[in-house]
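Here is a colleague's note to read beside the model. Keep the structure open and check each point as you go.

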Amino acid sequence: MARAPVPDVWLERVGRVLDPLPDARRERAWTGVRWVVRGANVAHLFGGEDGLLRVTFRAPMDEVAAFEHLGPPYFRVGRSGDVVGLVLDDGVHDPDLDELHELLLESYCVQAPQELVARVERPAP
């Protein structure tokens, strides 16, 4: 079964957050598009075989279990890592774009070297 395509509007939304970050690079992934910093995956935007659009990202380990326990539209990828996902278009949950922005920034900060993280303007806690 074919995977759903990534709509341009979502490429723009995610790209607005990640493209301007220091040394961040957008590239084709095995499916969809991913953003990396110095070879480390920051986010992966892709359509699933079920027709739903997803984004995966990195989270601090102390937050991974919280996302898992929140349940849909969040999901954990694997059992031992720091990768979390968010279903973007399931027809039930409307993604909070401000929250998505924060999650993507945090993912970058988890993956990037500290000298790059120091150059990122982050929202106050």
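**Notes on the fold**

1. Helix α3 (residues 97-111) lies across β1, β2, β3, β4, β5 and β6 (83-87). It runs at about 40° to β4. Here axes are lines fitted to C-alpha atoms, for helices over the stretch in contact, and angles run from 0 to 180 degrees between N-to-C directions. Contact means heavy atoms within 4.5 Å. Helices (H or I, at least four residues) and strands (E, at least two) are DSSP runs, numbered from the N terminus.

2. A word on the source. This is a predicted model, in which local features need pLDDT of at least 70 and side-chain atom pairs count only at pLDDT 80 or more, while totals for chains, interfaces and linings use all residues. Residues are numbered from 1 along each chain as its sequence is written, and side-chain values use heavy atoms, with hydrogens and water left out.

3. Now the whole chain. The protein chain has four helices and six strands. Along the sequence they follow the pattern α-β-β-β-β-α-β-β-α-α. The radius of gyration is 14 Å, close to the 14 Å that the globule rule gives for 125 residues, so the chain is as compact as a globular protein of that length. That radius is taken over C-alpha atoms, and the rule is 2.2 Å times the number of residues to the power 0.38. The C-alpha atoms fill a box of roughly 40 × 30 × 25 Å along the principal axes.

4. Next, burial. Of the 125 residues of the protein chain, 43% count as buried. Buried means under 20% relative accessible area, exposed over 50%, and partly exposed in between (1.4 Å probe, protein chains only). Among contacts between residues at least 6 apart in sequence, 48% join residues at least 24 apart.

5. The sheet is open and has six strands. Their order is β1-β2-β3-β4-β6-β5, with antiparallel pairing. Its edge strands are β1 and β5 (74-76), and each pairs on one side only. Two strands pair if DSSP finds at least two bridges between them. Neighbouring strands are turned by 20° against each other on average, direction ignored.

6. Look inside the sheet at one pair. Strand β3 (residues 40-47) and strand β4 (residues 53-58) pair in the antiparallel sense over five bridges. A43 has F57 in β4 as its bridge partner.

7. Which residues of helix α1 (residues 8-18) are buried? They are W10, L11, V14, G15, V17 and L18. These cover an arc of only 155° around the axis, which puts them on the same side of α1. The arc is that of the directions from the helix axis to the C-beta atoms. An α-helix has 3.6 residues a turn, so residues three or four places apart point the same way. Their cover includes β1, β2, β3, β4 and α3. On the face turned away, α1 carries the exposed residues D8 and R16.

8. Is T31 buried or exposed? T31 is buried, with a relative accessible area of 12%. It sits in the loop between β1 (24-28) and β2 (33-37). Leaving aside neighbours within four places in sequence, T31 is in contact with R3, H44, L45, F46 and G47.

9. Finish with V117, in helix α4 (residues 114-117). V117 counts as buried at 10% relative accessibility. Beyond its neighbours within four places in sequence, V117 is in contact with C109, A112 and R122. The C-alpha atoms of V117 and E106 are separated by 9.7 Å.
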